[in-house]
Amino acid sequence: MRNLCFILCALGLAANAAAQMLINGAGATFPYPIYSKWFDEYAKIDPSVRFNYQSIGSGGGQKQILARTVDFGASDGPMSDENLAKAPGKILHLPTVAGAVVVTYNLPGAPKLKLDGATVADLFLGKITRWSDKRIAALNPDVKLPGDDVVVVHRSDGSGTTYIWVDYLSSVSKEWETKVGRGTSVNWPTGLGGKGNEGVAGQIKQLPGAVGYVELIYAKQNKLPYADVKNAGGNYVTPGIESVTEAMSAATIPDDFRFSMVNPTGEKAYPIAGCTWLLVYEQQKDSEKGKKLVEFLNWAINQGESMAAALDYAPLPDNVKQRVLERIKTIQY
Amino acid sequence: MQADIETATTTALPQGHLVQRRFGDRAFKWLTLLMALAVFALIFLIGSELWLGSHLALRKFGWRFLFSKDWNPVSEQFGALPFIFGTLVSSLIALLIAVPVSIASAVFLTELAPKWLRQPLITFIELLAAVPSVILGLWGVFVMVPWLREHLFPRLKSALGFLPLFQGPVYGVSMLAGGIIIAIMIVPIITSVSREILRSVPGLQREAAYALGATRWEVTRIAVLSYAKKGLFGAVILGLGRALGETMAVTMVIGNRPEIAASLFAPGYTLASVVANEFTEATTDIYLNALFEIGLVLLGVTILVNAIARLLLRTFGGAGVKAQP
């Protein structure tokens, strides 16, 4: 009898779960913490819908939204024209949050360095091989620089962080743009590859003279020093949530939201930052799901953005927020 | 009457039993055959899937893929040579370190170890096999690599620096570090298999050698190791198979630089690592195809290395048997 009761209860639960709508998404790993926070919070507001997000990487996210195996995709880089042409319908890019990529290093005493784009590019091109180099010294007259060899550390895995980094280097150095270019993985002129932000941070921490790039949060967690970088307005800016949001409001953003926000002209903008996108079809296949998805997107941009800073993401500035909300209105279901 | 029934049952039973056994035997034979064939089917499926997944790259690069040193996702030029080199060299280093260690410990465990020490040692070795590779990789990054950089490598450099193998800047992460971490991972498997093989050497072999007045070392060398040579070689091949495909831990300590350098202190890259590193963010078709082709090359390298190893075994194993009276 008790067994029967148990079975009935289980069936009841199953029926309940079936009534709850499941919306599937897949893609970038960088925004995963904030997205899962959003899904958790949103479950309290609308319990009839459940989100399932697989953080398999931007490449996988783009592929799955193209194949329509998920209801939304996520990517740290905008989709290429080539990939968009393969889509069975129009795919919208909706920016959600942004993050800073910082230049971090291992020098005795962990001094605060000031660097400009040309110097950073020369470090990563292997043209500056010693820390005592004149070009670094000229930017940092107060810092006592050691004669150590520069050891460049970069990401070995394909990553949106790398894309932002090389996008910046390409925008400040012609030589970088022609020799190396932009991509989630590139053919590095010099240096060692560390796996993931934690791998790069770990190697920099151990290796005297190392220099590399990581997302801001990893530099903070590992107590690594990071440089102030000279922006297009000629100011040295400390990376942080405000200076990234500043960069986004200064960036030129086209109507399809496929934009790069590196090296914008704003006075207080930090120049090495990028945003991450959700990818959704303008014409939703399933009207019920489409409706729920649009409700969620509106909530995420209106309410969800305020949770970003606590997780070290930069929220969208108001002008961009309004434009994204306008775009969400065009989704049909 | 009763006797009749008894005879009837006794005569009927074995016949029915026989039929049943024949059927059972046959079913068992087919079932095991099916399972054995499934292994072939699996390898064939993996191979064909990799082949299909890499058709764009196969068409675009042809044989050049195997001999090109370029790996540039931006300009979409792909070549596997530095990765093939890294896979082979890191596995070779691993074998050079792991084989003597494993076989020596297997000999110790079967021939020399006192009983009370045997079981704890075996347990420890098996425990080592159970350490997940990502944990080993983290240990590699935070413990092994700094130690190598500060202690072992500088000593190697000052002692053997005249060899090109031990020249150039020391970063810690390197081909040698990759080889060492693989060695740690394959020692348990080679040791366990070798131990089983040495245990299966008949006691008569040893007794006969002792009877001829051989010392313990001679008994081990002539009667045991020589007798078990083929089996030990098989154990090494099993270890090699694992070494070639080892991914996570290697990626974390090898430096991930697609370069062919003479120095073991220089960073390297392996086939398995590049797939693990770049697969998730590969967005263009040709890039993804090139990564599939790397998988195909890895499968090919594994099969080829195994075949060469077996060929070596046949050539030299034959001579070994002859030397044995």
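The model is predicted, so local features need pLDDT of at least 70 and side-chain atom pairs pLDDT 80 or more, while totals for chains, interfaces and linings use all residues. Residues are numbered from 1 along each chain as its sequence is written, and chains are lettered from A in the order in which they are written.

I start with chain B. Its C-alpha trace spans about 95 × 60 × 40 Å along the principal axes. Of its 325 residues, 36% count as buried, meaning that 20 or more other C-beta atoms, placed from the backbone, lie within 10 Å of the residue's own.

Next, the contact between the chains. Chain A gives 30 residues and chain B gives 23 residues; two residues are in contact if their C-beta atoms, placed from the backbone, lie within 7 Å. On the side of chain A that touches chain B, 6 residues are nonpolar, 20 polar and 4 charged. Nonpolar means Ala, Val, Leu, Ile, Met, Phe, Trp, Tyr, Cys and Pro; charged means Asp, Glu, Lys and Arg; the others, Gly among them, are polar.

Last, the helix pair. Helices are DSSP runs of H or I, at least four residues, numbered from the N terminus. In chain A, the axes of α12 (residues 287-302) and α13 (residues 318-329) come within 10 Å and cross at roughly 175°. The axes are lines fitted to C-alpha atoms over the stretch in contact, with angles from 0 to 180 degrees between N-to-C directions. So α12(A) is roughly antiparallel to α13(A), a label for angles over 145 degrees. The residues of this contact are 6 nonpolar, 1 polar and 1 charged.

Note on methods:
Buried ≥ 20, exposed ≤ 12 C-beta atoms within 10 Å, placed from the backbone. Helix = DSSP H or I, 4+ residues; strand = E, 2+ residues; numbered from the N terminus. Parallel < 35°, antiparallel > 145°, perpendicular 65-115°, else oblique.
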